[in-house]
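Here's a walk through the model shown below. Keep it open beside you while you read.

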Amino acid sequence: MIYRICGLSFSYPGGPTVLDGVSLELERGEILSVLGPNGAGKSTLLGCMLGTLPAPAGTVWLDGQDLSRMHPREIARLVGYVPQNLSPVFGYTVRDFVLMGRAPLIPTLGRPGAADRAAAEEALTQMGLAALADRPCTGISGGERQQASIARAIVRRPQVLLFDEPTAHLDFGNQLRTLRVLKELSRQGYTVVVTTHNPDHAILLGGRTAILDRNGRLTAGQTGELLREDLLCRVYQTDLKLRYVEELGRVVCLFPNL
Amino acid sequence: MKGRRAVPMGILLGSLLLAGVVLAVCVGKYRVTPAESLEILAQQLLGLPSGYPEMTVNVVMELRIPRILASVLVGAALSLSGAAYQGVFSNPLISPDFLGVSSGACIGAALAILLALPSGSIQLFAFAGGVAAVAMTVALPAAIGNRSNIMLVLSGVIVGSAMSSVLGFIKYVADPETELAAITYWTMGSFTYVTLGDLLPALPFLLPPAACLLLLSWRINVLSLGEEEARALGVNVRAVRGLVILCATLLTASSVCISGTISWVGLVIPHLGRMLTGPDNTRLLPVSALLGGVFLLAVDTLTRTIGTSEMPISILTGLVGAPFYAWLLWRQRRRGL
């Protein structure tokens with residue numbers, strides 16, 4: 001087991017409870033989609049799993065260690081994070097941008113060495129970015145930047161990858177390409193956690209799904225078993241239809257007519 | 001690709017700086033040839049008797065050499081601190097001036113003058129003033145709950161205005177015969193009265209922070225991605241950012257102690273450096289330092305050679321810096337950088 005979350009509660013200063021007694025276990029190599037309406041605490045959950053948001057109640061165990069007692073460098077060696085909104089201020093080359101993913105392995109006063117550069121080239125090639133390596137990361141498309149961000153997360157070969165709404169700002173084609181990358185990373189042995197607004201993405205990724213409701217409570221289970229029409233309608237407070245499409249060989253989530 | 005040009009760029013700027021130093025020793029109202037100045041310098045360093053008139057030796061050793069060293073050091077320090085601040089706050093719009101560090105340091109120095117404290121305390125007070133100003137500028141957006149780049153700039157404007165008022169008050173209560181002149185010297189920026197005796201005590205406050213920033217330059221790259229991403233990459237953001245701010249503030253405050261407030265250098269030079277080498281701080285920081293040294297040496301040499309009386313240096317850096325910065329922004333926008 002790579003993650004064990006026990007009774008995690010979280011609220012922002014002066015705000016309502018975002019996470020309320022959340023418990024979750026995550027096996028190595030599994031893929032977990034986290035669904036929930038806006039403001040339900042999906043990103044907050046990732047922040048707590050990453051240690052960037054210290055939880056006042058509950059414990060997060062990462063690889064058998066209490067996350068709150070781990071050094072950020074130790075956590076970063078085990079966990080790669082792909083943020084939701086990537087808008088770099090400075091135009092680092094894609095190569096330099098990916099190289100920064102090696103930061104947890106490099107001493108504070110050090111600089112990347114030959115091994116770090118070789119790992120960056122490998123990650124660039126794996127994500128199909130070799131041709132863009134010398135381009136500024138401010139001058140590439142949103143989809144390409146997403147790929148660069150994933151390359152930056154995998155360049156240090158962590159065990160877990162956390163994706164915060166990786167398809168949020170992408171067009172349809174790039175959404176599908178990103179989901180395929182996530183599935184492939186899961187096949188390669190990474191434990192993948194993805195937050196998403198789209199139940200279809202959870203269905204496409206398979207594995208397990210966790211649903212956070214507006215009260216900060218979490219329900220988890222196998223995606224195929226957990227995602228039922230009544231549950232989705234209740235969580236999103238709207239009519240949604242789950243229909244089996246024979247041509248695709250899977251269930252799809254549909255909006256009703258307007 | 002710009003990065004591969006960093007080493008030749010360093011050699012080019014280093015050569016330019018050396019040539020500039022030699023030229024600056026020679027030019028002025030009292031002209032000295034390069035051969036004469038080098039011979040005088042060698043004789044003085046080796047303790048040999050000089051056959052040159054005392055006036056010539058004094059001009060080279062007492063007036064020009066300290067002034068040249070000071071302008072190069074202050075130019076390098078302000079540019080280095082500007083580049084570091086911009087990286088660590090992920091904000092290319094800020095500089096020691098915008099963060100209120102310079103005016104804070106100026107208030108510290110003015111207060112020490114007003115209280116008639118010994119000269120060593122002026123440096124200490126200037127540093128404390130700089131730290132207090134940057135702390136207020138950084139704390140204000142956090143207190144408001146808006147940590148955006150524009151809020152940081154606005155916070156700098158607020159703190160800067162408050163500092164100007166405090167400085168105005170100190171000037172108002174200062175003795176117009178003695179203290180006011182000394183305080184005005186700090187606010188205008190000048191290398192006119194710099195001596196080697198002023199420079200040497202400042203070196204321990206300039207060289208170690210500069211070395212520390214150069215050693216942290218790659219980590220500044222990671223910090224420039226933003227707080228959340230840097231933390232997710234295992235960086236102890238509070239500690240590393242605190243260390244960078246401490247070093248950059250020390251550099252700025254020490255510069256103010258040597259020459260008073262000199263505006264625009266810490267903002268414009270890092271931009272120019274970024275155009276030459278790209279944003280990677282491992283290349284940008286040393287290139288900015290060299291470029292800043294060359295720039296301020298050139299500006300100071302101009303202030304003492306053009307016209308009949310010497311112009312305060314901030315007038316020229318402002319006249320050059322403001323339109324140059326506007327041009328840089330226009331050029332960057334056109335290129336979509």
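## Where the two chains meet

The contact between the chains draws 25 residues from chain A and 26 residues from chain B, where two residues are in contact if their C-beta atoms, placed from the backbone, lie within 7 Å. On the side of chain A that touches chain B, helix H2 (residues 72–78) of chain A gives the most, with 5 residues. That side of chain A splits into 14 nonpolar, 6 polar and 5 charged residues.

A word on ground rules. This is a predicted model, so local features need pLDDT of at least 70 and side-chain atom pairs count only at pLDDT 80 or more, while totals for chains, interfaces and linings use all residues. Residues are numbered from 1 along each chain as its sequence is written, and chains are lettered from A and ligands numbered from 1 in the order in which they are written. Helices (H or I, at least four residues) and strands (E, at least two) are DSSP runs, numbered from the N terminus.

## Confidence

The model scores ipTM 0.90 and pTM 0.88. Chain B has a mean pLDDT of 87, with 96% of its residues at 70 or more; pLDDT is the predictor's confidence in each residue, from 0 to 100. Within chain B, confidence is lowest in helix H14 (residues 313–335) of chain B, at a mean of 79, and highest in helix H9 (residues 217–223) of chain B, at 97.

## The mixed sheet in chain A

Chain A has an open sheet of 6 strands in the order E6-E7-E8-E3-E9-E10, with mixed pairing. Two strands pair if DSSP finds at least two bridges between them. Strand E6 (79–82) and strand E10 (218–222) of chain A stand at the edges with a single partner strand each, so one side of each has no neighbour in the sheet. From one strand to the next, the twist averages 15°. Axes here are lines fitted to C-alpha atoms, for helices over the stretch in contact, and angles run from 0 to 180 degrees between N-to-C directions.

Strand E3 (residues 31–35) of chain A runs parallel to strand E8 (residues 191–195) of chain A, and 4 bridges join them. In that pairing, A:Val34 stands opposite A:Thr195 in E8(A). Helix H1 (residues 42–50) of chain A packs on the sheet, touching E3, E6, strand E7 (160–164), E8 and strand E9 (208–212) of chain A, and its direction makes about 150° with that of E7(A). Helix H6 (residues 172–187) of chain A lies across E3, E7 and E8 of chain A, running at about 155° to E8(A).

A residue counts as buried if 20 or more other C-beta atoms lie within 10 Å of its own, exposed if 12 or fewer, and partly exposed in between, with C-beta atoms placed from the backbone. Not counting residues up to four places away in sequence, A:Leu46 touches A:Leu162, A:Asp164 and A:Thr195.

## The antiparallel sheet in chain A

Another open sheet in chain A has 4 strands in the order E2-E1-E4-E5, with antiparallel pairing. Strand E2 (17–26) and E5 of chain A are at the edges, each with a single partner strand, so one side of each is left without a neighbour in the sheet. Here are some facing residues:

| Residue | Stands opposite |
|---|---|
| A:Phe10 | A:Leu19 in E2(A) |
| A:Tyr3 | A:Leu62 in E4(A) |
| A:Trp61 | A:Asp66 in E5(A) |

E1(A) and E2(A) form a hairpin with 5 residues between them, and A:Gly14 in the turn has a positive phi of about 75°. The hairpin of E4(A) and E5(A) has 2 residues between the strands, and there A:Asp63 takes a positive phi near 50°.

## The nonpolar core

A nonpolar core is a set of buried Ala, Val, Leu, Ile, Met, Phe, Trp, Tyr and Cys residues joined through C-beta atoms within 7 Å. The largest one has 166 residues, and A:Val98, A:Ala151, A:Leu162, B:Leu80, B:Ala84 and B:Ala109 touch the most other members. Helix H3 (residues 54–88) of chain B gives the most to this core, with 17 residues. Leaving aside neighbours within four places in sequence, the contacts of A:Val98 include A:Ala120, A:Leu124 and A:Val155.

Note on methods: Ala, Val, Leu, Ile, Met, Phe, Trp, Tyr, Cys and Pro count as nonpolar, Asp, Glu, Lys and Arg as charged, and the others, Gly among them, as polar.
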